[in-house]
Amino acid sequence: MQTMTSPSSTADREIVTTRLIDAPRELVFEAWTDPKHVAHWFGPDGFKTTTQTMDVRPGGVWRFTMRGPDGKDWPNVVTYEQVVRPERLVYLHGDETEPDMFHNTVTFDDEDGKTALTMRAVFKTAAARDFVARERGAVEGGQQTISRLERYVRSMGR
C-alpha cells in the first residue's frame, strides 16, 4: 500500500491512497456502496460508522456518523456526483455545515481478479489538506480505513 501525492496541478491539495486488494472489484465496490457492509469497515481503527441513509447514485446522499474511540461523534455527508459500477465513485465529502470539504474519487481497477483501489481526496486549499493531515491524522486514517476494507472483503469472499 502506498500513500503519495500525484504530480498534478492539485498535488499540494491531495491525499492519495492506493492498495492492491486480493478480491474482485465487484466485491470491493459492493463493500463500499452497501450500508450493511460499510458498517463493518469504514473509518480508521477504533471508529464505528453508523449510516442514517445511503443513496448511491448521481445526486444521491450518504449520511453517516463516525464515532471515534474517544466517544466523539463525527457526522458526515457524502453527495455522489458520479457512480460507475464497479469502476468509480466520485463525490463531495463533508458535513452539514460544509458539505464540500473535499472532492473524492475512488477507482476500482481490475488487475487479474484483484482490485487496484485508488482513493484521491482533493481539498479546496493546501492549508485545508495540511490541517486534516496534521490535526485529524487523515493520511494514516485513510491507510487504516483501506486496511479495514481489505480485511473485510477477505471475509466476504470466503
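These legends walk through several close-up views of one predicted model.

Local features are described here where pLDDT is at least 70 and side-chain atom pairs where it is 80 or more, while totals for chains, interfaces and linings use all residues. Residues are numbered from 1 along each chain as its sequence is written, and side-chain values use heavy atoms, with hydrogens and water left out.

View 1. Histidine 37 sits in helix 2, residues 35-38. Helices (DSSP runs of H or I, at least four residues) and strands (runs of E, at least two) are numbered from the N terminus. Is histidine 37 buried or exposed? Its relative accessibility is 9%, so histidine 37 counts as buried; the term buried means under 20% relative accessible area, exposed means over 50%, and partly exposed lies in between (1.4 Å probe, protein chains only). The side chain of histidine 37 makes a polar contact of 3.0 Å with that of glutamate 30 and another, of 2.7 Å, with that of tyrosine 152. A polar contact is a pair of N or O atoms within 3.5 Å; within protein, one must be able to donate a hydrogen and the other to accept it, and residues adjacent in sequence count only if both atoms are side-chain atoms. Beyond four places in sequence, histidine 37 is in contact (heavy atoms within 4.5 Å) with Glu30, Ala31, Tyr152 and Met156.

**View 2. Tyrosine 152 in helix 4.** Tyrosine 152 belongs to helix 4 and is buried, with a relative accessible area of 15%. Setting aside neighbours within four places in sequence, tyrosine 152 is in contact with Ala31, Lys36, His37, His40 and Trp41.

View 3. The buried residues of helix 1 are Arg25, Leu27, Val28, Phe29, Ala31, Trp32 and Thr33. A nonpolar core is a set of buried Ala, Val, Leu, Ile, Met, Phe, Trp, Tyr and Cys residues joined through side-chain atoms within 4.5 Å. The largest one here has 29 residues, of which Trp32, Tyr80, Leu89, Leu117 and Leu149 touch the most other members. At least two residues of this core come from each of helix 1 (25-33), strand 4 (61-67), strand 5, strand 6, strand 7, strand 8 and helix 4. Apart from this core lies another, of five residues, including Ile15, Phe102, Ala121 and Phe123.

**View 4. The largest pocket.** How much space lies in the largest pocket? The largest pocket holds about 1,000 Å³. Of its 34 lining residues, Asn76, Phe102, Val132, Arg136 and Ala138 are the closest to its centre. On a 1 Å grid over the protein atoms alone, a pocket is an open set of points with protein on both sides within 12 Å along at least five of seven lines, and a 1.4 Å probe fits but cannot get out of a cavity; lining residues have an atom within 4 Å of a point. Helix 4 gives the largest share of the lining, six residues. By class, the lining has 17 nonpolar, eleven polar and six charged residues.

View 5. Glutamate 14 lies in strand 2, residues 14-21. With a relative accessible area of 2%, glutamate 14 is buried. A polar contact of 3.4 Å joins the side chains of glutamate 14 and arginine 120.

**View 6. Two loops with backbone features.** A cis peptide bond, with omega of about -15°, joins arginine 85 and proline 86. Proline 86 is in the loop between strand 5 and strand 6. In the loop between strand 7 and strand 8 is aspartate 112, which has a positive phi of about 55° although it is not a glycine. Aspartate 112 is exposed, at 80% relative accessibility.

Terms used. Grid points are joined across faces, edges and corners, and a volume is the space filled by probe spheres set on the points. Ala, Val, Leu, Ile, Met, Phe, Trp, Tyr, Cys and Pro count as nonpolar, Asp, Glu, Lys and Arg as charged, and the others, Gly among them, as polar.
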